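This report is written for a reader who has the sequence and the model at hand. Please keep both in view while reading.

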Amino acid sequence: MKMVDVKNILNETGSIYHGHFLLESGMHSDTYVECAKMLQYTWRTKEVGNEMALRLQRFAPDCILSLTPNGMIIGYEVARTMDVPFMYLEEDKNGNLLFTHCLEPAMFKNILIVQDFIYDEKLVHKAILTLKEWASEPTGLSSMIKMGQIEKIDGLLVNSIVNIPAKIYEPDACPMCKEGIEIVDVKNLCHDK
């Protein structure tokens, strides 16, 4: 079976950007991947979801959990392919992650977190804390894309299909800021057109 070339799909769909970006976490990066540009093509999402499901079979999850809107799209596709339940967390106005709509993770013992991309540990760490409040915890962590140098989060190896060698900085240590390079907030990335 031929493996899906996710990086090529990201390039074909114009999803990879280079420059100086303000990430949603507040960190700065020289690269950003707008996964929604690829995920809008349902046949591409199906291809990538199938590839991820194939690679994640070894975890034998009994539930897939996603943390962001784009993560929900690919997470649902992975869960559908693996024929397991799918759950998601929503962020409230205070930045807390919550299970809403009567979703209850405690009944699952082998939860796999699936995201579109991971570039730092903040969101995943918050999700793990939320799971612990429900007497549950994840047994694995996966993403379509891993940006930067992060290898593990709270002891979980970050399993990804594509590694994007982005340089990610704390704002006060960002060399692009020191050079005076204009920063683009990823929330406004495509609104200037």
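The report treats a pair of helices, a group of strands and some backbone angles in turn.

The model is predicted, so local features need pLDDT of at least 70 and side-chain atom pairs count only at pLDDT 80 or more, while totals for chains, interfaces and linings use all residues. Residues are numbered from 1 along each chain as its sequence is written, and side-chain values use heavy atoms, with hydrogens and water left out.

**Two packed helices**

Two packed helices are described by the angle between their axes and the distance between the axes. Helices (H or I, at least four residues) and strands (E, at least two) are DSSP runs, numbered from the N terminus. Helix α3 (residues 42–56) packs against helix α4 (residues 69–82) at an angle of about 60°, and their axes lie 8 Å apart. Such axes are lines fitted to C-alpha atoms, for helices over the stretch in contact, and the angles run from 0 to 180 degrees between N-to-C directions. The helices α3 and α4 are therefore oblique to each other; angles under 35 degrees count as roughly parallel, over 145 as roughly antiparallel, 65 to 115 as roughly perpendicular and the rest as oblique.

Which residues of α3 meet α4? They are T45, K46, V48, G49, N50, M52, A53 and L56, and their counterparts in α4 are I73, I74, E77, V78, R80, T81 and M82 (contact means heavy atoms within 4.5 Å).

Strand β10 (residues 156–164) has seven buried residues out of nine, so it is largely enclosed by the rest of the structure. Buried means under 20% relative accessible area, exposed over 50%, and partly exposed in between (1.4 Å probe, protein chains only). Two strands pair if DSSP finds at least two bridges between them.

| Partner of β10 | Sense and bridges |
|---|---|
| β8 (residues 138–147) | parallel, six bridges |
| β9 (residues 152–153) | antiparallel, two bridges |

S143 has S160 in β10 as its bridge partner, and K152 stands opposite L157 in β10.

**Positive phi angles**

In the hairpin of β9 and β10, D154 takes a positive phi near 50°. A60 is not a glycine, yet has a positive phi of about 45°. A60 is exposed, with a relative accessible area of 53%.
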